[in-house]
Amino acid sequence: QAGYIDQARYCFDQALRVAEVIGNFWKSKALSSLGSCLAQAGCIDQARHCFDQALRVGERIVDDEKKSQALSLIAESLEQITGLEDRESLFEQALSAVDGIVDDDDKIETLSSIASSLAQSADIENRESLFDQALRVGEGIEDDEKKSKALSSLASSIAQTTGMDGLHSLF
């Protein structure tokens with residue numbers, strides 16, 4: 001078993017080395033995937049490091065569509081990991097990065113993806129404030145049709161989290 005651990009460490013080191021020289025979109029995706037693998041292997045500190053880097057790199061992606069894809073992948077990865085401390089702050093960073101997406105359609109897609117992942121992350125204690133942050137991002141969309149689409153998607157995610165009773169409390 002020690003040989004497998006050595007192989008895994010070698011692969012991790014090589015993956016990080018390669019990630020340093022590729023473009024931001026691919027680098028963010030690679031770091032997010034590495035973070036997932038490391039968390040599943042119980043290497044929580046290294047996983048947290050990868051997710052932090054993936055978010056920082058994701059924020060620097062200029063192309064809104066690629067930024068949207070990278071942030072959505074990070075959110076999906078975070079949804080599946082329960083042992084990672086302070087996932088809330090990672091979701092918060094991802095939501096902050098969504099605000100930097102200019103294209104409304106890409107913003108809606110990313111916001112919906114993050115809200116859906118958040119709805120599936122039952123162990124996060126502070127989901128309500130994260131949904132509030134997502135709601136502020138959605139309300140910041142100026143086009144009324146697109147704003148309606150974003151807010152409808154958020155309502156759906158909140159309903160998944162709280163049931164229909166939670167949704168009634170919004171109105």
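## A walk through an all-helix chain

The secondary structure of this chain amounts to 9 helices and 0 strands, and the model you are looking at is a predicted one. Read from the N terminus, the elements follow the order α-α-α-α-α-α-α-α-α.

Let's start with the overall form. The C-alpha atoms occupy a box of roughly 55 × 35 × 15 Å along the principal axes. A compact globule of 171 residues would have a radius of gyration near 16 Å, and the chain's value of 17 Å agrees with that. Among contacts with a separation of 6 or more, 64% link residues 24 or more positions apart. The accessible surface is about 9300 Å², with 48% of that belonging to carbon and sulfur atoms.

Now step inside. Of the 171 residues, 44% count as buried. The largest nonpolar core holds 39 residues, and those touching the most other members are Cys50, Leu71, Ile74, Phe91, Leu111 and Ile114. Helices H1, H2, H3, H4, H5, H6, H7 and H8 each supply at least two residues of this core.

H7 has 13 residues and reaches 18 Å from its first C-alpha to its last, close to the 18 Å expected. Its buried residues are Arg127, Leu130, Phe131, Gln133, Ala134, Val137 and Gly138. Seen down the axis of H7, these buried residues fall within an arc of 155°, so they line one face of the helix. On the other side of H7, Glu128 and Arg136 are exposed.

Terms used
Residues numbered from 1 in each chain as written. Predicted model: local features only at pLDDT ≥ 70, side-chain atom pairs only at ≥ 80, totals over all residues. Heavy atoms only, no water. Core = buried A, V, L, I, M, F, W, Y, C linked by side-chain atoms within 4.5 Å. Buried < 20%, exposed > 50% of the residue type's maximum accessible area, 1.4 Å probe, protein only. Helix = DSSP H or I, 4+ residues; strand = E, 2+ residues; numbered from the N terminus. Expected span 1.5 Å × (residues − 1). Arc of directions from axis to C-beta. Rg over C-alpha atoms; globule rule 2.2 N^0.38 Å. Contact = heavy atoms within 4.5 Å. Areas by Shrake-Rupley, 256 points an atom, 1.4 Å probe, with all protein chains shown as cover.
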